[in-house]
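Try each task before you read its solution.

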Amino acid sequence: MKSNGNANPQLNIVADENIPGLETWFGNLGAITRIPGRTMSQTQLKDADVLLVRSVTEVNQSLLEGTPVRFVGSCTIGTDHLDTAWLEAQGIAWSAAPGCNANSVVEYVFCALAALNVDWRGRSFGIVGCGNVGGLLQKKLHALQVPCKVYDPWLTENPDSSDLKSVLQQDIVCLHAPLVKDGPHPSLHMIDTAALAAIRPGTVLISAGRGAVIDNAALLERLRGKPDITTVLDVWENEPDIRTDLLAKVDLGSPHIAGYSHDGKLAGTRMIRDALNRVLGWPEVAQPGTDAKTKLPVVSEQSGFAAIRELLLNIYDPREDDRRLRDAAAGEQPMVRSFDLLRKHYPQRLELSHFKVQAPGLDDAARKQLAILGLN
């Protein structure tokens, strides 16, 4: 990477076309080339100093060997798509954006429950994986005074820690574990036939971490033979070539967009610019005014959970994502293409903090609950 003393380095930056805010955060550093992340190739990186990706790009020796890339930034929370050991062995700096879209995923969970008309008040939650996303969900549940149990073998000091079977027997089970394929605690197919058998009838199962944490074939067999649980899948095995027969059996499906709020994506871009600044020895850059929170009115004349449900769905209704995904599955294009097109053209989704409630029928308890979720 070329630098002239205190002057900005002139970098060649290659980036996934779906990363927002690139010009805002990286435009002063040099030329930006946008390309599809799923089909990124070594040839496209022959002049690149910096590579910016999302989770759909496998970054490894096959992609980078022989290229001038010296920094890889993934504007997402996970790292299972990065061969970090190889990058470090080659002296290539890298960073992900842990926690950037955690709030977006947590809001997806509550909006999915609203779409299913499931009142989480008075229910118990089980959380599998308690990192940035699971930890934030746990924090909000504590504030809402909703009981929860947590399974995360890496965080045994968590006050809500329990064994996996106990966690899977809660009323609402949320999967937020990263994909780990080896080591002492692999998560690949952690939710297998035996684990699925431990889930009680009437349970709501929400998967919004990594698709292969659930054995999708085993889940399909469970839903075919014993369709007594409610299932929400945002992540799938073999994305983008997902099983449409499994989609037909779940109650809500979406194309890996739980963390796709506009706020979360911009936060990921900003965090990677900060990481690059650290590599260059520069201070963090100031957040531009374009990230300022708007206050859009959202209205309900109802009371209690009916009002909470209506307000949430007026802001973000996951049933629209479900409809678009099912329409794509029934269309003429192969799912392997349609899935990525849904992600590429995903409508802008603002988080709850952008909205201000107008609901005269709400009591103080419901107002407090909405405030905990992020609404003003």
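**Exercise 1.** How far apart do the end C-alpha atoms of residues 118-257 lie, and what percentage of the span is helix and what percentage strand?

*Solution.* Before we start, note that this is a predicted model, where local features need pLDDT of at least 70, side-chain atom pairs count only at pLDDT 80 or more, and totals for chains, interfaces and linings use all residues. Residues are numbered from 1 along each chain as its sequence is written, and side-chain values use heavy atoms, with hydrogens and water left out.
- Step 1: the end C-alpha atoms of residues 118-257 lie 21 Å apart.
- Step 2: the span is 26% helix and 16% strand, where helices (H or I, at least four residues) and strands (E, at least two) are DSSP runs numbered from the N terminus.
- Step 3: an unreviewed UniProt entry annotates residues 118-257 as "domain: D-isomer specific 2-hydroxyacid dehydrogenase NAD-binding"; such annotations may be inferred rather than shown by experiment.

**Exercise 2.** Find Thr 231: is it buried or exposed?

*Solution.* 
- Step 1: look in strand E10, residues 230-233, for Thr 231.
- Step 2: Thr 231 has 0% relative accessibility and therefore counts as buried (under 20% relative accessible area; exposed is over 50%, partly exposed in between, with a 1.4 Å probe and protein chains only).
- Step 3: leaving aside neighbours within four places in sequence, Thr 231 is in contact (heavy atoms within 4.5 Å) with Leu 205, Leu 219, Leu 223, Val 250, Asp 251 and Leu 252.

**Exercise 3.** At what angle do H4 and helix H5 pack?

*Solution.* 
- Step 1: the angle between H4 and H5 (residues 132-143) is about 55°, and their axes are 9 Å apart. Axes are lines fitted to C-alpha atoms, for helices over the stretch in contact, and angles run from 0 to 180 degrees between N-to-C directions.
- Step 2: H4 and H5 are therefore oblique to each other (angles under 35 degrees are roughly parallel, over 145 roughly antiparallel, 65 to 115 roughly perpendicular, the rest oblique).
- Step 3: H4 contributes Ala 102, Asn 103, Val 105, Val 106 and Phe 110 to the contact, while H5 contributes Asn 132, Val 133, Leu 136, Leu 137, Lys 140 and Leu 141.

**Exercise 4.** Which peptide bond to Pro 240 is cis?

*Solution.* 
- Step 1: go to the loop between E10 and helix H9 (244-247), where Pro 240 is found.
- Step 2: the bond from Glu 239 to Pro 240 is cis, with omega near 5°.
- Step 3: for background, most peptide bonds are trans.
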